[in-house]
Every structure is written in structure tokens, then in C-alpha cells.
Amino acid sequence: MALLDDLKWRYATKKMNGTKVSQDKIDYILEAARMAPSSSGLQQYKVIVVSDRDLLEKIKGVAYHQSQITDCSHLLIFAAWDGYNDERITKVFNYMMDERDLPHSTMDSYKNTILSLYEIQGQEWQAHHAAKQSYISFAMAIAAAAEQKVDATPIEGFLSDKLDELLKLRDGGYRSTVILPLGYRKEEEDWLVNMKKVRLPKDKFITEMTIEDAADIGDLPMTQTLDGFAQK
Ligand SMILES: Cc1cc2nc3c(=O)[nH]c(=O)nc-3n(C[C@H](O)[C@H](O)[C@H](O)COP(=O)(O)O)c2cc1C
């Protein structure tokens, strides 16, 4: 039950007190983010860590002046690829094969399949797909922070174009997706700290389905398979 207890303890902290979080805890949270699963294992995102007070002040200016950004200890910025291409995917898969002592060609067929699937979707779809992966890592960081009893505020309320410009993210082919200040709550000034955590009741959130509930969608003429590793 430990994880559930931690998730119930955490909340989107509205006021932080400026206390520094130890490097051990920051490293632990970042390691949880690094361990997140991602589509095809591409890790099509990265995490930027900011604790420089002057830079945090600038970031606050493009994030609706949310106080957590300057009252936090460290700010994590999740940034995802702005699109997929052969070079990017090949680089990751080559690294993966090197780490596993396998020939680079092991992933060729799989790589060509996903590239062909991604290419027809266009760049905005691709950027969105990569951004979705970054949120998985973001969620892991939130859970790990809760486990470490470090407060965190998930934040989407910022101008991503401006943040990209400030951090020169577009030059490297990245777009900011979501940010996470880490720190400690200032209870006496935080309006949310003692509020009940509200979630949909289980019966509204969870639906069990059987074949009886499903629609008849006929047979799909799928010609491609996603047979990751299997080389014919
Ligand atoms: C992706 C995402 C973006 C969010 N953006 C903001 C934000 O910009 N500012 C803020 O104060 N809270 C933000 N929140 C916090 C949510 O409002 C909060 O998580 C939600 O109301 C549930 O409350 P809890 O996290 O305290 O359990 C965001 C949460 C998520 C998951």
C-alpha cells in the first residue's frame, strides 16, 4: 500500500517555502523519470533541471507568474522531440543494440515499420506523440517525489513557445511539454493543503467490458505487424 499512501499524501502544491531538496532526493526522482517506459523505447524526450534563481525568475515570467517556480528548490522541464526521422530513431536503436551486444541491423525491420507509420501522420502528430511519452516520465517523477516526501506541482500553465525560445529548445529539435517544480510546502500559505482530495468514484472511473458490450467493427485489413525484435 506504500505507493497508494504516497499518492494520497501528494497534492499539487500551491505554495512552496524555498527549502532546498537534497541532491540524493533529486537524483532519485530523476532516476524514476529516466526509468519510465516509452513508445518503442525511444525515450523521445529529456528532462532539463533548473535551480539557477535568475533563470527560474525568467521562467516564472512565461508561466503566469506561478510562485512555485521561484519558491521551489529545483524545476524539472520535460521536453519532447518535435518529430521523428530516420536519423533520430537509428541513433537510439543503435545505442540500444550496442548496450545489448546485438548487431545494429537487428532493429532495421521494426524501425522501417514505425518510421513508415509515423511519416504518414505528419510532424504535428509526431510531436504530439512524443509529448505524450514525456508525460509518462513526468508521472513517474511525480510518484517518486511523493515517495521521497518531496512536494511537486504538475504545471502545464506556461507559454511553451516562449519557454522553448528562452531555453533554446527548438534549436535541438525539442519542445517543452510540462514542468514540475520540486520543493516543500508552505502550509500556512497554501489554500489547497488541507482540502479533501477529490477523485471520481470508482464506479464512474472504471468500466469493465466484455465482448457483449463491444461493437462489430468487421475485420481490419492490417498488413503491417509490429513484431519488434523478430527478424525474418
Ligand atoms: C498536466 C497537468 C497540468 C497542470 N497544470 C497546473 C498548473 O499550471 N498550475 C497549478 O497550480 N496546477 C496545475 N495542475 C494541478 C492540477 O490542477 C491537480 O493535479 C489536480 O487538480 C488534482 O489535484 P491534486 O494534484 O492536488 O491531487 C496540473 C496538473 C496536471 C496533471
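Some ground rules come first. Because the model is predicted, local features need a pLDDT of at least 70 and side-chain atom pairs count only at pLDDT 80 or more, while totals for chains, interfaces and linings use all residues. Residues are numbered from 1 along each chain as its sequence is written, and side-chain values use heavy atoms, with hydrogens and water left out.

The protein chain carries 9 helices and 4 strands, taken as DSSP runs numbered from the N terminus (H or I and at least four residues for helices, E and at least two for strands). In sequence order the pattern reads α-α-β-α-α-β-α-α-α-β-α-β-α. The C-alpha trace spans about 65 × 50 × 35 Å along its principal axes. Helix α7 has 25 residues and covers 37 Å from first C-alpha to last, close to the expected 36 Å, a figure that comes from 1.5 Å times one less than the number of residues. Just after α7, Lys-149 adopts a positive phi of about 55 degrees.

Turning to the ligand, 14 residues surround it, and the closest are Arg-10, Lys-14, Gln-66, Lys-197 and Arg-199; being near here takes a heavy atom within 4 Å. By class, this shell splits into 6 nonpolar, 3 polar and 5 charged residues (Ala, Val, Leu, Ile, Met, Phe, Trp, Tyr, Cys and Pro are nonpolar, Asp, Glu, Lys and Arg charged, and the others, Gly among them, polar). Oxygen atoms of the ligand sit 2.4 Å from a side-chain N or O atom of Lys-197, 2.8 Å from a polar side-chain atom of Arg-199 and 3.0 Å from a polar backbone atom of Gly-157. On its own the ligand exposes 620 Å², and the protein buries 65% of that (Shrake-Rupley areas, 1.4 Å probe).

Helix α5 (residues 86-99) gives the largest share, 7 residues.

The second largest pocket holds about 440 Å³. Of its 13 lining residues, Leu-4, Leu-7, Lys-8, Lys-197 and Arg-199 lie nearest the centre. At least two lining residues come from each of α1 (2-9), α7 (123-147) and α9 (202-205). This lining has 8 nonpolar, no polar and 5 charged residues.

Terms used:
Polar contact = N/O pair within 3.5 Å; in protein donor to acceptor, adjacent residues only side chain to side chain. 1 Å grid on protein atoms, 1.4 Å probe; cavity = no way out; pocket = protein on both sides within 12 Å on 5 of 7 lines; lining within 4 Å. Points joined across faces, edges and corners; volume = space filled by probe spheres on them.
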